[in-house]
Amino acid sequence: MIPATILLAISVFCGLYLYNQSRRRAKLPPGPPRLPIIGNLHQAPADAGWVTFRNWVEKYGPLVAVDFGGTNVIIVGDYDTARDLLDKKANIYSSRPRMVMAQELVCKNQHIMFKPFEEDFLLHQRLEASVLSPRASACYTPVQDLESKQLLMNMLSSNDFPKQFERFSASVVYTTTFGLRIVTGEEWQLQTSHQCLKNMVLAGQVGAWIIDALPFLNYLPKPLAPWKKTAEDWYEVWAKLHITNLKDALRRPGWNWAKDFKNAKEAEEMTEMELAWDLGVLCDAGVETTNIQLQIFVLACLAYPDFIAKAQKELDKIVGLDRLPEFEDLEKMPYIQAVVEENFRWRHIVPAGIPHATTQDDYYKGYLIPKGSTIIPLFIAMRQDKRLFDSPLDFLPERWLGKPQANNFGYGRRVCPGRFIARNSLSIVIARFLWAFNIRSKNGKRLLVDESSFTTGFVSGPKPFEAVFEPRSKKHRRVIEESYKVADKDTARLMSQVRKMQEGVGLNPRA
Ligand code: HEM
């Protein structure tokens, strides 16, 4: 008889042998040739990385491997591959690349978007889930209704659409999160958050911080590690903003997410500061995203104005001239829904997606995707895939009629939790804008748009451009003014209405 320990040793040995053999036989996906040691670092794009990545996808196919100085980067360039890996194998592909300066030092690991896929992340995700579910999100429409009415009203006397879109986007999330309306856009909370997000962009810049390449340097004492002081200063400002927002929200009348989170059972395992970060991040994540995606809509109006008349025909038929479009109208307006969908496809705010990371080795179609790889879901390549979309650079809402929505909000366990709120915000604003205004360029000519029309940062939006918004008639103007005048602007009452709606659909708010 062979003793059990020897049998165990043999089976472990055989297992390891087979694993190593399969790993050796498997090869990485194709990609540009590498140099010794640095790999493809010399080809790493400084900004607008998606342009280079898309060229690689065109050359090497939908799965491309590059090595940026020891970091394995896998670029995913079509919808099917993204679904197969990031959705179907979500338990392997839902982590985030390590960000020492941005996440570990500036956020003290509290930013949910950059947490690794571990129990701590799941706890924070569970905390947020109940206020962001599809059913809960459908109950925030009274807030979006009021804020979009103010948006239309403000646009009667201003063409400064980026500022007005920002106020709208901020007010929707600040109202739900903290019970605070952003009425002017000059509120100190929003201004401080701007500064913190700017700091975060600097902290997250690839190649800017030695500590990201050599994390062990963090053992150095402060005088020899100047980045620590920078990170500490940035943390202080951001943490103070989050904690003040939380405390103020708990004192405000009416229901809000801060009160709801505070009563959650998940919160019992968290510090007050962690709670404050979760709330603050939800606000931060909701402002620039919605604002920029709306600016892209205006750019599309100027570049492809033909669709406007078609949208207005549908609006006039379903809504008429005597009232604003309402949420209930949206399902009866397939063309408006197609405009929303095409807006995401034509230009997404994150053309290179938000990177994921793998937590174990994986094999796909004979290729090895090693553990710890950075995975780039290359949104722009998917959305401009000529096999799926004719004339992909053109804004053509018709292409979506009768077709299901695409994935515009990410993948697997990291899919955007604010997607239902975001889609409702975009849909009501786009419907109301098209109903209310003729939108045109200043000189009345069609705008030519190409890659150079967009900024090159991580979030990419239109570079500044001007547009004119003229009410379609005196009647339209009157309806806008009247609707805003009679709208209930009391935040506490609005949020109590939200809470009642949630109870009405069988939800059980925690405060
Ligand atoms: C047009 C608006 C928006 C767009 C296009 C958008 C898109 C995205 C995308 C692509 C991701 C990354 C998903 C992934 O990694 O696979 C994401 C993550 C996230 N979004 Fe949004 N988003 C929008 C609005 C919002 C809003 C309104 C909120 C909050 C109420 C929000 C909260 C978040 C959070 C917290 C994450 C991080 C999720 C995680 O890492 O687990 N987003 N969003």
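Predicted model: local features only at pLDDT ≥ 70, side-chain atom pairs only at ≥ 80, totals over all residues.
Student: Why is Cys416 called partly exposed?

Tutor: Count the other C-beta atoms within 10 Å: Cys416 has 19. Buried needs 20 or more, and exposed needs 12 or fewer. The count of 19 falls in between, so Cys416 is partly exposed.

Student: Where does Cys416 sit, and what does the record say of this residue?

Tutor: Cys416 lies in the loop between helix 18 (379-383) and helix 19 (419-436). UniProt, in an unreviewed entry, places the feature "binding site" at Cys416. Such annotations may be inferred rather than shown by experiment.

Student: What is Cys416 in contact with, beyond its neighbours within four places in sequence?

Tutor: Phe409 and Gly410. Contact here requires C-beta atoms within 7 Å.

Student: Which residues are closest to the ligand?

Tutor: Ala285, Gly286, Gly410, Cys416 and Gly418 are the closest of the 26 residues that surround the ligand. By class, that shell has 17 nonpolar, eight polar and one charged residues.

Student: Which helix gives the most to the shell?

Tutor: Helix 14, with seven residues. Helix 19 also supplies at least two.

Student: How do helix 14 and helix 19 cross?

Tutor: Their axes come within 10 Å and cross at roughly 35°. The crossing is right-handed. Helix 14 makes the contact through Thr289, Thr290, Gln293, Leu294 and Phe297. Helix 19 brings Ala422, Ser425, Leu426, Val429 and Ile430.

Student: What classes do the residues of that contact fall into?

Tutor: Six are nonpolar, four are polar and none is charged. Leu and Phe count as nonpolar, so Leu294 and Phe297 belong to the nonpolar class.

Conventions:
Residues numbered from 1 in each chain as written. Helix = DSSP H or I, 4+ residues; strand = E, 2+ residues; numbered from the N terminus. Contact = placed C-beta atoms within 7 Å. Axes fitted to C-alpha atoms, helices over the stretch in contact; angles between N-to-C directions. Left-handed = near helix turned anticlockwise from the far one by under 90°. Near = placed C-beta within 6 Å.
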